[in-house]
Structure formats: structure tokens, C-alpha cells
Amino acid sequence: MIRTYLVGLMALLAGLLAPQAHAQSTDTMSVTGASKVRVVEPISIVNISDLRFGALMRPATNGIVEVAADGAVTTNLDLSTFPNGRAPARFTVLGEAQRRFIIFLPNRIDITNGTSTMLVDRFRTNLDRGFGRFDAVGSYDLYIGGRLHVDANQEPGSYSGTFDVAVLYL
């Protein structure tokens with residue numbers, strides 16, 4: 001009986017002193033992710049020439065002079081005295097080759113001679129709905145026209161103003 005008791009005690013001690021085995025936890029996993037970036041050429045825009053409505057006689061009635069992006073001129077004023085000097089603004093836009101972009105123009109601006117103003121609106125480009133694509137070297141020639149509102153008996157003088165052109169990648 002002592003022998004059985006000693007065998008039982010030794011089995012108990014062996015169980016207590018034996019290293020404990022733990023089950024591996026399988027409820028977490030790890031996975032490797034990737035990080036990527038593409039650095040593109042920043043867009044730049046260079047003013048080549050300004051939007052020019054030319055010279056005109058002081059009108060007796062209100063009128064308009066519209067210079068289209070392709071250079072066509074429409075008006076309800078008599079411009080025959082000054083047939084030249086009208087042209088769209090021209091810009092060179094530079095960016096990543098073949099990349100698409102969009103142009104944003106103002107709705108209207110005022111130009112002034114210091115004491116009197118005239119409204120310019122209907123800004124239009126040579127782009128289809130303001131969307132374009134850079135060529136193979138990352139360049140685009142942008143032309144912008146607009147419509148000038150001339151009041152009856154507009155004060156004589158040289159009128160000028162500025163407008164902003166915003167270009168964004170798509």
C-alpha cells in the first residue's frame with residue numbers, strides 16, 4: 001500500500017512539476033500592406049498675351065464687343081473705324097504629359113480707367129466644356145475670349161483689369 005501511495009504521490013508531483021502546454025491562439029492574423037505614391041509635375045501657366053477688345057468710338061447706345069477664343073469678333077457697335085487690335089488671351093499651360101485637366105474662369109470682372117468701369121463676362125476657352133489634355137510633352141495652348149459691355153456715352157480712356165485662371169488635374 002505504501003508503494004501505491006508513493007507511485008500516486010510521484011505521479012501527482014510529476015504532473016505539478018511538468019511544463020504546462022498552452023494552445024496557440026488562432027483568432028488574430030497579420031497581413032502585409034503596400035504603400036504607393038506617384039509624384040507628378042506641378043501645373044504651371046504662363047501668360048503669353050492679354051485679352052484685347054481693341055479701340056472703339058464712344059457709342060451713342062449700349063453695345064457689346066465679343067472676342068471668341070478662336071479670335072472671331074462679334075459686336076453690335078460700329079468698329080469699322082478701328083478694325084484691328086482685338087484678340088483672345090493666350091496662355092501656355094504646362095503639366096504632366098497626356099494628363100487630363102480642367103480650367104476654371106471667372107463669371108465676370110470689371111475693367112476700369114480709374115473713374116469709370118465696364119463689365120467683361122462670358123469668358124470662353126478653346127477647350128470642350130473646360131476640359132483638356134496635355135500633349136506628349138506636357139503642354140497646352142489655351143485661348144480665352146470674353147464679352148465686353150460698353151455703355152452709351154462710355155467715358156473715354158484706357159480700361160484694364162485682371163482675371164484669374166485656375167487649372168486642376170483630373
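**Close-up views of a three-stranded sheet**

**View 1. An open sheet built from 3 strands, in the order S10-S7-S12.** The pairing in this sheet is antiparallel. Strand S10 (131-133) and strand S12 (166-169) stand at the edges with a single partner strand each, so one side of each is left without a neighbour in the sheet. Look also at how the strands are set against one another: ignoring direction, neighbouring strands of this sheet are turned by 30 degrees on average. Please keep in mind that everything you see here belongs to a predicted model.

**View 2. Strand S7 meets strand S10.** What holds such neighbours together? Strands of a sheet pair through backbone hydrogen bonds, and they can do so in a parallel or an antiparallel way. Here S7, which covers residues 100-104, pairs with S10 in the antiparallel sense over 3 bridges. Which residue of S10 is the bridge partner of isoleucine 102? Find phenylalanine 131 in S10, and you have the partner.

**View 3. Stepping back to the protein as a whole.** The protein has 12 strands and 1 helix. Of the contacts with a separation of 6 or more, 75% are between residues 24 or more positions apart.

View 4. How much of the protein is buried? Among its 170 residues, 29% are buried. The protein exposes about 11,900 Å² of surface, and 56% of that area is supplied by carbon and sulfur atoms.

How values were computed:
Residues numbered from 1 in each chain as written. Predicted model: local features only at pLDDT ≥ 70, side-chain atom pairs only at ≥ 80, totals over all residues. Heavy atoms only, no water. Pairing = 2+ DSSP bridges. Helix = DSSP H or I, 4+ residues; strand = E, 2+ residues; numbered from the N terminus. Axes fitted to C-alpha atoms, helices over the stretch in contact; angles between N-to-C directions. Buried < 20%, exposed > 50% of the residue type's maximum accessible area, 1.4 Å probe, protein only. Contact = heavy atoms within 4.5 Å. Areas by Shrake-Rupley, 256 points an atom, 1.4 Å probe, with all protein chains shown as cover.
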